[in-house]
Amino acid sequence: MAPLESARRRPAHRTYRVALLLITLVAGLGVLPGVAVAAPGAQLNAADMTLLNGVRLAGLWEMPAGQMAAEKGQSPRVRQIGAEISRQHGVLDQLVVDAANKLGAVLPTDPTTEQKGWLAEMQNATGARFDQIFVTRLRVAHGKIFPVIGAVRASTRDATVRKLADEANKFVSDHMQMLESTGLVRWQQLPPAALPPAQSDSLVAAAAANVGSGGGREVSTTVVWVVFLLALGTGGIATFRILRRN
């Protein structure tokens, strides 16, 4: 009777083994999509960090510049614009700090040497000369960051960066219009637009360059498959040992 009993248990034994292997396979397939979806998240490239740093640096020097304009501007319009630009940069600065904290990025804490020089230049100027320096410096600075915002907004993979670009675009556009309303913008002295050559996507390519700098790392498909196969192999070995004990 023993051989008969053994012969009757064998099919069940195989069925049990197949069932466990199928469960392991399904579990592995369940893990795989989760890894694949999570991998692209929170990945910052060089262009993303350029936007974060640019917005932060703008606030670090334009807030005190606006405060100076509100206090010592000769024109009432310059004083009004200075106060409003300083206030709005305070709001924008909080937005970029919140975004950086969410993304785990490190932002500058001081203006650049060049920006400190602009502030010193304004500090030493008075009257109509101050008004002209204030409008000229801020209008040129806003004109430089404006195309960066558009390029990053068009190509970034991160939703937080896209939202920040949308918000920054509104502020910068509004500031340029306010500065232009003073009638002090010297259009002929503005730097020319830094456009890529005709039929070139270099600007977009630069914004889309996947160069890690402060954000998460993208996980390659090869790594995902290696993890999956290791999980599958581990499950198979565990299944074999259970069956062997039984």
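1. N53 is partly exposed, with a relative accessible area of 25%. The label follows from the cut-offs, because buried means under 20% and exposed means over 50%. N53 is part of helix α2, which covers residues 46–72. The model discussed here is a predicted one.

2. Which residues does N53 touch, leaving aside its neighbours within four places in sequence? They are V106, L107 and P108. For one of these, L107, the separation from N53 is 54 residues in sequence. In space, the C-alpha atoms of N53 and L107 are 6.0 Å apart.

3. The setting for these details is a chain with eight helices and zero strands. Read from the N terminus, the order of elements is α-α-α-α-α-α-α-α. The chain has 246 residues, of which 35% count as buried. Among contacts with a separation of 6 or more, 83% are between residues 24 or more positions apart.

4. N45 sits in the loop between α1 (2–38) and α2. Is N45 buried or exposed? N45 counts as buried, since its relative accessibility is 2% and the cut-off for buried is under 20%. The side chain of N45 reaches the backbone nitrogen of A47, at a distance of 3.1 Å.

5. Two helix pairs deserve a look. In general, the packing of two helices is described by the angle between their axes and the distance between the axes. For α2 and α4, the angle is about 5° and the axes are 10 Å apart. That makes α2 roughly parallel to α4, because angles under 35 degrees count as roughly parallel.

6. On the α2 side, this contact is made by L57, W61, P64, A65, M68 and K72. On the α4 side, the residues are Q115, W118, L119, M122 and Q123. By type, the residues of the contact of α2 with α4 are eight nonpolar, two polar and one charged.

7. The second pair is α4 (residues 113–123) with α5 (residues 127–155). Here the packing angle is about 160°, and the axes are 9 Å apart. How are α4 and α5 oriented, roughly parallel or roughly antiparallel? They are roughly antiparallel to each other, because the cut-off for that term is an angle over 145 degrees. The crossing of α4 and α5 is left-handed.

8. From α4, the residues W118, E121 and M122 take part in the contact. They meet F130, I133, F134, R137 and L138 of α5. The residues of the contact of α4 with α5 comprise six nonpolar, no polar and two charged. Two residues of α4, W118 and M122, are listed in the contact with α5 and also in the contact with α2.

9. H175 belongs to helix α6, residues 159–180. Which residues are in contact with H175, once its neighbours within four places in sequence are left aside? I85, Q88, H89 and H142 are.

10. One of these partners, H142, has a further link with H175. The side chains of H175 and H142 make a polar contact at 3.1 Å. The pair qualifies because a polar contact needs N or O atoms within 3.5 Å, one able to donate a hydrogen and the other to accept it.

Terms used. Residues numbered from 1 in each chain as written. Predicted model: local features only at pLDDT ≥ 70, side-chain atom pairs only at ≥ 80, totals over all residues. Heavy atoms only, no water. Axes fitted to C-alpha atoms, helices over the stretch in contact; angles between N-to-C directions. Helix = DSSP H or I, 4+ residues; strand = E, 2+ residues; numbered from the N terminus. Parallel < 35°, antiparallel > 145°, perpendicular 65-115°, else oblique. Left-handed = near helix turned anticlockwise from the far one by under 90°. Contact = heavy atoms within 4.5 Å. Nonpolar A, V, L, I, M, F, W, Y, C, P; charged D, E, K, R; others polar. Buried < 20%, exposed > 50% of the residue type's maximum accessible area, 1.4 Å probe, protein only.
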